[in-house]
Amino acid sequence: MAIASLLGKEAREHLGAALVLSVGTFAIVLLALAQNRAAAYSMSPFEVVRFSLITFLPLITLIVGNRLIVREYLSGTRLFVEALPVGGVLPLVLKYLLGFAFLSLLSAAMIMIAAYMAGIIEDVDGPYIFLMLGKTLVMVSLYWSIVFCFSLCGHLRIGLYLVTIGFVMLMIYYPGIDQSRFSPFALMDDQLFVFERDIVPWKDIAWTLVLSFAFTLSGFVLARVGEGSVADRLARPMTRRDYVALSILVIGGLLVFSTLVEKSLQESFEFSGDFVLRVTDPAVSVSYLEPEYREAGETQLTLMQDSLTAMQARLGLVQMPSVRLALDADREKHDIDYSTLDGVFITANWLEHDAYDDAIMEAVVLHGALTYFSGNRAPFEPYHWVLDGFTRWWVEQGYRELRTTHADELLARAQFALDRMPAGYDLVHQWQLMADEFAYPTAEALAWSAMSYLEEEKGTEVVVQLAREFLTKSVGENALAAIRDRRRSSVERFRNITGLEWQEFDQGWRTWVMQQAGQPSVLAISAQIPAFDGVVESVTDSSGVHHLYGGYQPLQSATAEKTVNNTSDVAGESGFVFAGSCLLKHELIGPFDTEFEVRDDNMDEQSCAYGDKIHSISSRYAPGDRVYVALEYETEHLHQPLRLAVKRLAVQ
Amino acid sequence: MLVCCLPRMDRYCCHQPECRGLIVQELPKQGQRHVTIGTCPEQEVDSLMSVMPANVRPEATERVDSRAVIELQNIRKSFGSLSVLDGLSLSVQPGEVFGFLGRNGAGKSTAIRILMGITRADDGTVRLFGEPLADDVIAARQRIGYVAQEQNMYPWMTPRVLSRFVRGFYPRWDERRYRQLMDDFALPPKRRVGTFSGGMKAKLALSLALATRPDLLILDEPTAGMDPVARREFLDLVREQTTRDGATTFFSTHLIDEIEAVATRIGIVEAGRTMYEGTLHPLRDSMATWSIDARNWVEGSLPGEFAQSRLRILQEGERQGRHWMTLQFSGTAPVVQVEQLLPGWRHDIMTLEDVFIAVVSNANRVEQ
């Protein structure tokens, strides 16, 4: 009865406010979602949830804490309840649970709305929803426990909030602190929060819950110290001294904040000096370092300008992001660095490029430009293959004649991947896995072949339409239209544009690639690709030294038999040596790293042969490290290495 | 706590170190006077009795009724270095209206918070309805109607909503009575409590307390902040309702006229200790004040030949050019004719307030 009375009282007191808050929250979320849909490039609806968690959910938590706890203490009504026949802790426990339940429901509803609006496009499934829900509720528990604890600190709470905000700002803005590496910030990481699907961040969840528990416990302890007299005393109105202290705190905080913001702000980078080539529309600049590299720089400038201008016109884009190419003469020719935070910034060595190498770099630039348009989102969406395929297609045949030598190599790569692709893989749902397994050059060749098949089947315009639909189109004129549009899956959108059922397209494309691969010019390249598999082994010996072993064995899969030529290369169990080189690349990765590529810095190059320990490395890795290991085959007949195997190892 | 039968009040007890500050309770019973040795530890009573005059009847020693509604024994409570209750003891019998009198800061509210189980005593025993309070605080509170000094009811609630909230805590809640009281007190049931005057809030709190059908009604300075008319009205209501219900009432106040209006027995608390526990009139009758022109005052002199019957000088000082002294006698203060006084002495009238001040001043003097 006492519990019912207390709950009834809370309901009568706060129901109206709770409804207003809920309606307000949903209105804001829906507006944000609609805005998102209408934007030139849209984020995932789950980004809106993250945005809400970071911005107005803390404010709502503050309001809830203020209504449920602060008001009770400041107005002295706590003393009325205190004299009733009820345990001292029960009213506070109920308040805690009510607050948490309300905020959880609100957040869960936000997740559900986002899930509803995301639909199949985002590859939303049960486990993903649970993961989002779990992370969200854990964050909500932290917010609520902090507000709960601070609310019991009376007028000191304002100072405590300011200190907390200052601390968070320090974490975010202080150069050198990567807040995404530790809890609770890691849970809100801009990449992982929405995009992580497979790994549950148990450690971050656990730490955040520990923090929540600590704050909650502190709140209850505070409310019971001196039979609650401490919380009672703190609840008294602020004195002048408190106001002065608070003002000093605010001013100090603002000074620190502005200093940190100033320190972290980076102005848009522009090349300076004499060795820079520029065009303004579209904005492309090339830094070529030395006078003798000017010609090569001019070639790249023209190439990029032509390509970007043509793409801008064809896709109907208002403005392309600025593109900057920086020459680094010491790099390998295929070692291309690019970032899309401030336009497109490429660091590469193009001095020894042939046309194929130029096409690779051009595709990277366009990939960067369209990624920039998608708010860096496209590489994480199920339509990633459209981005990869379209950019390479554009470079190869979108605005110029197809170069057959390029097509041959790309087809050979595509055939290599299709031969080894596990059953059931398709471009939409397993694109990231394919890119991981075969590396970008081969994945890109697959996507290019899909675009080429589509072009052959439906014409060039359909390919362009597909790119517009997925990469540049603003969808939804209003919230309802946005919601309707979001309900369509990427497969459905594909069908609407191309008129093809996905299964039909998928089957047709595979057959087409295998047919194309039968051309003599393609077969000549395929013949240089060995039919073997790579095997990686991680061993720590009795003296505690860790070893990485890489070896090769004949391809075991049934699909290997389909390979037209290269099975004949497997001459025997041992003794056969290919003309190319076998590479083992390895790199330390974090718990959430999802790299598909590994740098060439840590590489062991050996002559290819069958055996378990062709590569033997006494590694520098310690127990607990996660290591990304890739085995690749490099031959002069292919411009880029061919990924044979990849593995993420946990060193024991 | 022990009760001894003494033929007369003797000063020995009060001079024992263990009984420092002791005010004994006197109850006329079968021609004898029962003297409660309130703060003497039980085990020391025998030794105490041994030093008393022979006419003290130790065989009459008896225990106080263990079924007292309230029984506080040697309660101590400190907040940090500040000692608020320093061995408070008192006992309230069923059906009594007990006036709990003390100055502001004397420890009345703390004692009530301890009684309600809101605050825990550092030391001592609290028994309510014959049971240790710590055994079941919630059950004890369900038998208590409580009117606090400040009414902290939810301002957004109406009396009707308030009853819906409060009734869930009290199994014996009587809605009909609550409504009757609301009518009697002319309280609007649908108006928000926040718009009520102080007097209306106090009446509402009393209605809530009485609607729980309490065995014990605790009123903690309920008239604080009320104007004289509202105060009188409220006290009349308390008297009327307590008479009707027969509930034991514990009425805390610092206003002696309120006590006089409602209490059957009083306890005076000062500096966290019980200074007096008993009926009001014997206390008042045991005191008298005399004064003399300050210029004629001779150190150590008394207004008359009271040496044999004097218990102690409670208060002494100078005011408006006259030296005055309040004496407390072991029995009723002697009626002294002017001619029996030494020259220059005059008998001054003592109000109840004077009596209270005399008691608490004496307590402070003993403390110093």
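These are my notebook entries on a three-stranded sheet in chain A of a predicted model.

Conventions. I number residues from 1 along each chain as its sequence is written, and chains are lettered from A, with ligands numbered from 1, in the order in which they are written. Since the model is predicted, I hold to its limits: local features need pLDDT of at least 70, side-chain atom pairs count only at pLDDT 80 or more, and totals for chains, interfaces and linings use all residues.

Chain A overall. I looked up the secondary structure and found 21 helices and 12 strands, taken as DSSP runs numbered from the N terminus (helices H or I, at least four residues; strands E, at least two). Of the 652 residues of chain A, 38% count as buried, that is, with 20 or more other C-beta atoms, placed from the backbone, within 10 Å of their own.

The sheet. I then traced an open sheet of three strands in chain A, with the order β6-β7-β10 and antiparallel pairing, where pairing requires that DSSP finds at least two bridges between two strands. Its edge strands are β6 and β10 (611-618), each of which pairs on one side only.

The pairings. Strand β6 (residues 532-540) of chain A is joined by nine bridges to the antiparallel strand β7 (residues 546-554) of chain A, while β7(A) and β10(A) pair in the antiparallel sense over five bridges. I noted A:His547 in β7(A) in both pairings: A:Val539 stands opposite A:His547, and A:His547 stands opposite A:Ser618 in β10(A).

The hairpin. Between β6(A) and β7(A) I found five residues, and in this hairpin A:Gly544 takes a positive phi near 90°.

How values were computed. Buried ≥ 20, exposed ≤ 12 C-beta atoms within 10 Å, placed from the backbone.
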